[in-house]
Amino acid sequence: MFDSLSDRLGSALKDLRGKGRLSDADIDRTCREIRLALLEADVSLPVVRGFIAKVKERAKGAEVSGALNPAQQVVKIVNDELVGILGGETRRIEYAKKPPTVIMLAGLQGAGKTTLAGKLGNWLKKQGHQPLLVACDLQRPGAVSQLQIVGERAGVKVFAPDPGTSIGQTGELGTVSSGDPVAVARDGVAEATAQHYDVVVIDTAGRLGIDEELMRQASDIREATEPDEVLFVVDAMIGQDAVSTAEAFQDGVGFTGVVLTKLDGDARGGAALSVREVTGRPIMFASSGEKLDDFDVFHPDRMASRILGMGDVLSLIEQAEQHWDAQQAEAAAAKITQGELTLEDFLDQMLMIRKMGPIGNILGMLPGAGQMKDALSQVDDKQLDRVQAIIRGMTPAERDNPKIINASRRLRIANGSGVTVSEVNQLVDRFFEARKMMAQMSGRMGMGVGGGRKN
Ligand code: GDP
């Protein structure tokens, strides 16, 4: 759903890559592109304005972070703010202390409420609950039988008025009142209490547009059943109407959380992303298809990184921030430039990188790593363990000046670290080669002390 937004954001941020320093003009230009990307995706204007203002302010005053280059810092800021507008923490259902927990669904006709009731029932059951679905949409022809069908598919009981029964008659599941959705809702909750269902999901009627009667009916059901959660269900494909509908429901009925449906559609969907910011209510679930399983808890952080399309890079950034020792890295960079890197420095750097996790994972997280899979599969932690063992088998003088490592020292190191002499030879030879190459490269690229990492 957010593919084109992802593409646009990705290209806005890509332009920053490789820049050692970002000017205010760079940040302004990037923010302009991000702004356009968000507006084009239908994110509402006030939300975009607030978002851009925050990103700009933080990017310009960005704390110098040793671990991240400026472009990465901007990616991180955009990601943080995106998580922010999507609600920050994942919001989970608040279950009643005394069951049953009552969850009421509200929204326009066609939003996907009935389908959602089935999905929610299915999900609740998998979570170990015993849900009861209550059919209070007595307006839309076929809504009751539709709920019965999805309930059956999910293996979840449905409380519904029998067609043709009048108030007070007995249906399959206890006393059912037909015709009056408020009474059906109330009876449904009573049935759940009596039969020890611990969660009740109430499906309510929608309309094609906002109207007063709809709001009144939903409010009456809310009053009669005192739900623990009222979920506003909104079709992510309806564009800016999603925001105005949400505001109307918030005023007319009030809700505790939002469910986005039809995220599998190809519409822009940004309006739905504005709902949280506009109503202050969290997005709790997302629905992305017609099947029972096309449904999940909404995680703002995962959605943000999906939209940015940089999930893996972001976790790499986070790990780097946690483990990177900027001073040590800068000192090593200075030595590389001067061709003075020692095996001790090399070991320190290696240990720092390895703190971020298994080496295959780290390399795998780098953009473009997909194509390098074969090459990467040859780098493994065992190999690095041996390199570490060899360097540790050396005396401080040898690590400091590997040139003194002659044949007899190589034999001692090999014996001490449990490897063959040829492995020690290989390591020492490769180290010299690499040191020479790095010094040449950093000279050519004009990489000074702390090359490219400082603002
Ligand atoms: P209600 O009027 O709010 O109860 O809406 P329905 O549950 O009847 O859904 C309206 C239509 O949207 C139905 O055809 C559903 O199959 C479809 N639908 C519901 N949720 C999704 C979804 O997440 N993705 C897609 N593609 N279709 C959905």
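In this predicted model, the buried residues of helix 3 are Val-47, Val-48, Phe-51, Val-55 and Ala-59. Viewed down the axis of helix 3, these buried residues fall within an arc of 95°, so they line one face of the helix. Leu-45, Pro-46, Ala-53 and Glu-57, by contrast, are exposed on the other side of helix 3. The buried residues are covered by elements that include helix 2 (24–40), helix 4 (70–85) and helix 10 (270–279). The length of helix 3 can be checked as well: its 16 residues (residues 45–60) should span 22 Å at 1.5 Å a residue, which agrees with the 22 Å that separates its end C-alpha atoms.

Further along the chain, a pair of helices can be followed in the same way. Two packed helices are described by the angle between their axes and the distance between the axes. For helix 14 (residues 343–354) and helix 17 (residues 381–392), the axes come within 10 Å and cross at roughly 145°, and the crossing of helix 14 past helix 17 is left-handed. Helix 14 brings Leu-343, Leu-347, Met-350 and Arg-354 to this contact, while helix 17 contributes Leu-384, Gln-388 and Ile-391. Sorted by class, the residues in the contact of helix 14 with helix 17 are five nonpolar, one polar and one charged.

These helices belong to a protein whose secondary structure comes to 20 helices and ten strands. Of its 455 residues, 40% count as buried, and among contacts with a separation of 6 or more, 72% are between residues 24 or more positions apart.

Methods. Residues numbered from 1 in each chain as written. Predicted model: local features only at pLDDT ≥ 70, side-chain atom pairs only at ≥ 80, totals over all residues. Axes fitted to C-alpha atoms, helices over the stretch in contact; angles between N-to-C directions. Helix = DSSP H or I, 4+ residues; strand = E, 2+ residues; numbered from the N terminus. Left-handed = near helix turned anticlockwise from the far one by under 90°. Contact = placed C-beta atoms within 7 Å. Nonpolar A, V, L, I, M, F, W, Y, C, P; charged D, E, K, R; others polar. Expected span 1.5 Å × (residues − 1). Buried ≥ 20, exposed ≤ 12 C-beta atoms within 10 Å, placed from the backbone. Arc of directions from axis to C-beta.
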